[in-house]
Amino acid sequence: MKTDIQIAQEAEMIHIRDVAAQLDISEDDLELYGKYKAKLSDELMKKVEKNSDGKLILVTAINPTPAGEGKTTTSVGLGQAFGKLGKKAVLALREPSLGPCFGIKGGAAGGGYAQVVPMEDLNLHFTGDFHAITSANNLLAALLDNHIQQGNELGIDPRQVVWKRCLDMNDRSLRNIVIGLGRKMDGMVREDHFVITVASEIMAVLCLADDMADLKKRLGRMIVAYTFDGKPVTADDLKATGSMAALLKDALKPNLIQTLEHTPAIVHGGPFANIAHGCNSVRATKTALKLADYVITEAGFGADLGAEKFMDIKCRMAGLKPDAVVLVATVRALKYNGGVAKSDLSEENLEALKKGIVNLEKHIENLQKYGVPVVVTLNSFITDTKAETDYIEQFCRERGCEFALSEVWEKGGEGGIALAEKILDTLEKKESNFKPLYEDDLSLQEKIETVAKEIYGADGVTYAPAALKELKRIEELGMGSFPVCMAKTQYSLSDDQTKLGRPTGFTINVREVYVSAGAGFVVVVTGAIMTMPGLPKTPAAYGIDVDDDGVITGLF
């Protein structure tokens with residue numbers, strides 16, 4: 001059986017100008033990065049802004065497991081299926097982070113015969129967006145420490161510096177560091193920290209900004225530290241906004257590539273979904289809606305994280321309204337949630353399936369709370385049996401959900417036609433009555449508790465004393481109307497990754513809270529979540545190589 005990278009490398013790509021032509025984009029509106037990648041120009045976005053919007057379809061999933069659910073694969077295959085049905089469709093996806101590529105997860109370009117290409121470029125440096133974000137983040141850090149060194153006119157308390165440096169790599173050794181060691185001229189000694197680039201507030205800011213003016217406003221109001229008397233210090237105060245924006249000028253423009261079947265794919269931005277808000281950029285999604293009749297987008301990890309933040313943060317801020325949601329599950333993952341060991345998932349086990357399907361049930365209930373029609377799709381594996389598939393289909397229909405089998409990994413767009421037709425039928429028959437889960441005027445604690453109880457199924461929330469103190473300070477600063485961005489494990493509905501299925505009788509433990517004033521949300525850190533991941537004992541990097549002809553192997 002061919003690997004994903006072998007399939008991708010054997011694909012015959014067409015020139016990106018021909019991909020763009022499918023969306024009525026001329027070559028003059030592309031900024032080319034070779035033959036197969038391009039950025040969309042600012043002029044194009046102005047040209048299409050008066051076009052009517054297409055239909056917005058969100059692809060999400062149950063809680064991820066080692067068995068894999070294939071959310072990106074389903075998204076790509078669905079886009080290809082719309083193409084086979086003669087529909088004008090475009091994908092709006094996130095860019096992968098280098099950290100997972102060399103860590104444990106691998107690449108993020110889809111899989112099998114449902115991939116976006118060139119997959120090596122996408123998974124590695126692509127068009128340099130993440131490098132630009134890393135540089136802007138670390139420029140701000142350098143300006144901050146330089147300000148303290150050069151007399152500290154703003155009265156910054158070095159013990160209350162909240163801006164962290166970043167790197168797009170999993171490196172646990174950088175989580176907690178000491179800087180400024182050496183002589184007096186080497187800076188003030190203080191504790192510092194790194195986060196992975198996708199957890200940088202600049203990533204969230206870039207993905208929520210409408211244009212350069214909005215980007216600069218958001219960058220300028222980011223809080224980097226507090227003074228000795230407790231007042232916030234912003235990037236504007238440090239005169240850092242203009243230079244950061246200059247570094248991000250090109251990164252703000254969405255990227256266009258193609259699928260294996262030449263369906264257009266706009267790939268832009270990529271905040272982590274368990275740490276940040278987990279969605280591609282607002283700019284990419286809004287542009288996609290003006291270019292096609294159907295836009296397929298995705299949100300990271302399970303629906304308790306990615307979909308919740310897509311609805312409650314991205315749609316709320318950008319005025320977007322999803323028309324349908326596709327919820328991806330697999331027989332294997334449901335059996336895993338029912339207590340079956342990973343090594344035994346290939347065997348039929350209806351009892352385990354019945355125990356594990358409660359995870360799917362909770363995600364269906366959660367999505368229905370937003371008033372958007374839900375279609376459940378089962379990402380097919382050759383080990384699935386008819387009895388297992390029939391049971392899941394019946395289960396979904398009893399809960400008012402449409403159901404379709406997806407075979408896109410094996411068959412590409414052809415294997416997604418049943419799903420595409422089910423979505424088209426749903427869009428025709430059912431109207432979306434989208435509404436966020438909570439109102440802006442609730443207190444921050446009420447918002448946190450609403451998500452914990454309604455989405456996770458928790459009995460309540462406990463707070464570390466420092467978290468309660470920070471919530472009070474954020475509200476005193478006038479930011480209590482912000483939505484909350486919950487940082488939680490992706491593997492469970494709870495904040496304990498060992499609790500599979502549909503756990504009950506638990507509380508969510510909030511250990512840290514901080515405001516992302518530029519992004520416009522409050523980050524709520526629960527459980528043992530890490531903003532700088534570490535590498536596993538056997539990193540994926542061990543298996544990656546490049547031969548004498550420049551052909552990369554082992555990326556996925």
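**Salt bridges**

I began with the salt bridges and counted 39 of them, taking as a salt bridge a side-chain nitrogen of Lys or Arg within 4 Å of a carboxyl oxygen of Asp or Glu. I note at the outset that this is a predicted model, in which local features need pLDDT of at least 70 and side-chain atom pairs count only at pLDDT 80 or more, whereas totals for chains, interfaces and linings use all residues. Residues are numbered from 1 along each chain as its sequence is written, and side-chain values use heavy atoms, with hydrogens and water left out.

I looked up Arg 165 and Asp 192, whose side chains meet in a salt bridge at 2.5 Å, N to O. This pair links distant parts of the chain, with Arg 165 in strand 8 (residues 165-167) and Asp 192 in strand 10, 27 residues apart; helices (H or I, at least four residues) and strands (E, at least two) are DSSP runs, numbered from the N terminus. Both Arg 165 and Asp 192 are buried, where buried means under 20% relative accessible area, exposed over 50%, and partly exposed in between (1.4 Å probe, protein chains only).

I then turned to Asp 229 and Lys 231, whose closest N and O atoms are 4.0 Å apart in their salt bridge. Asp 229 counts as exposed because its relative accessibility is 57%, and Lys 231 counts as exposed at 53%.

Which residue forms a salt bridge with Glu 361? I found Arg 399, with the closest N and O atoms 3.3 Å apart. Here too the pair links distant parts of the chain, since I place Glu 361 in helix 15 (residues 358-368) and Arg 399 in the loop between helix 16 and strand 19 (402-406), 38 residues apart. Glu 361 counts as buried at 17% relative accessibility, while Arg 399 counts as partly exposed at 27%. I also recorded that Glu 361, Glu 365, Glu 398, Arg 399 and Arg 502 are linked in a network of salt bridges.

Helix 15 is mostly covered, as eight of its 11 residues are buried; among them I listed Leu 360, Glu 361, Lys 362, His 363 and Ile 364.

**Aromatic pairs**

My count of aromatic pairs came to two, where rings of Phe, Tyr and Trp (its six-membered ring) pair if their centres lie within 6.5 Å, and planes under 30 degrees apart count as stacked, over 60 as edge-to-face and the rest as tilted. Phe 82 and Tyr 294 form a stacked pair, 5.0 Å centre to centre and with 10 degrees between the planes. I located Phe 82 in helix 4 (residues 71-84) and Tyr 294 in strand 16 (residues 294-298), so that this pair links distant parts of the chain, 212 residues apart. Both of these residues, Phe 82 and Tyr 294, are buried.

The pair of Tyr 391 and Phe 395 is tilted, at 6.3 Å centre to centre and 40 degrees between the planes. Why are Tyr 391 and Phe 395 separated by about one helical turn? I found them four residues apart in helix 16 (residues 386-398), which accounts for that separation. Tyr 391 counts as partly exposed at 24% relative accessibility, whereas Phe 395 is buried, with a relative accessible area of 8%.

**Backbone**

I checked the peptide bond from Val 117 to Pro 118 and found it cis, with omega near 5 degrees. Pro 118 lies in the loop between strand 6 (114-117) and helix 6 (119-123).

I also noted Asp 24, which has a positive phi of about 60 degrees although it is not a glycine. Asp 24 sits in the loop between helix 2 (16-21) and strand 1 (30-32), and Asp 24 is exposed, with a relative accessible area of 62%. Phe 301, in the loop between strand 16 and helix 12 (303-318), has a positive phi near 55 degrees and is likewise a residue other than glycine. For context, most residues other than glycine have a negative phi, and most peptide bonds are trans.

**A distance**

Last, I looked up Lys 411 in helix 17 (residues 408-411), which counts as partly exposed at 41% relative accessibility.
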